Amino acid sequence: MNHMTASLKEVAAAFTEDGRLDQDEVGKLAQRFFHDAKIDRDEADTAFEINDRVSKSQKNAPTWPSLFAAVVTAYVLEDGRLDDGEASYLQGKISADGSVDNAERTLLQAILTSGAPVPASFRTWAEGAVK
């Protein structure tokens, strides 16, 4: 399968079949996500789906959390701020499984330290989630 011509969903399914991501797979995912320099909602959703499939593994490439954070941050902060709808989207996605994993903490830290305006309620929730 060619990771650049197959659908992102197909690539995600193939790469996460074993429940983990190796360095080569993370590199190919980075190429796939950022091939057009823009992240849309479907791509952000797919990043969350990938993370849900691999978050329990201790054998993921160490670069996965930063790629995950970069993908989702590019989507939610596209306009330089986190609005209420985007904050709700993130809280729903991150809270869905009842825990905050390493990649999600990396995402929250990236948003909190980005300098972008965020709703006060989100900041409070996110600061509690990264502790």
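Predicted model: local features only at pLDDT ≥ 70, side-chain atom pairs only at ≥ 80, totals over all residues.
**Histidine 3**

I looked up histidine 3 and found it in the segment before helix 1 (8-15). Its relative accessibility is 14%, so I count histidine 3 as buried, the limit being under 20%. Leaving out residues up to four places away in sequence, I listed Val11, Phe15, Lys28, Gln31 and Arg32 as the residues that histidine 3 touches, and I noted a polar contact of 2.6 Å between the side chains of histidine 3 and glutamine 31.

**Helix 3 and helix 6**

I then turned to helix 3 (residues 41-54) and helix 6 (residues 102-112), whose axes lie 9 Å apart and which pack at an angle of about 140 degrees.

**Aromatic rings**

My search of the whole structure gave five aromatic pairs. One of them joins tryptophan 64 and phenylalanine 68, a tilted pair at 5.8 Å centre to centre with 45 degrees between the planes. These two residues are separated by about one helical turn, because they stand four residues apart in helix 4 (residues 64-76). I recorded tryptophan 64 as buried at 2% relative accessibility, and phenylalanine 68 as buried at 0%.

Phenylalanine 122 and tryptophan 125 also form a tilted pair, with 5.8 Å between centres and 45 degrees between planes, and both lie in helix 7 (residues 120-129), three residues apart. Here phenylalanine 122 is buried at 0% relative accessibility, whereas tryptophan 125, at 23%, is partly exposed.

Lastly, I noted that Phe48, Trp64, Phe68, Tyr75 and Tyr89 form one aromatic cluster.

Key: Residues numbered from 1 in each chain as written. Heavy atoms only, no water. Buried < 20%, exposed > 50% of the residue type's maximum accessible area, 1.4 Å probe, protein only. Polar contact = N/O pair within 3.5 Å; in protein donor to acceptor, adjacent residues only side chain to side chain. Contact = heavy atoms within 4.5 Å. Axes fitted to C-alpha atoms, helices over the stretch in contact; angles between N-to-C directions. Phe/Tyr/Trp six-rings, centres within 6.5 Å; stacked < 30°, edge-to-face > 60°.
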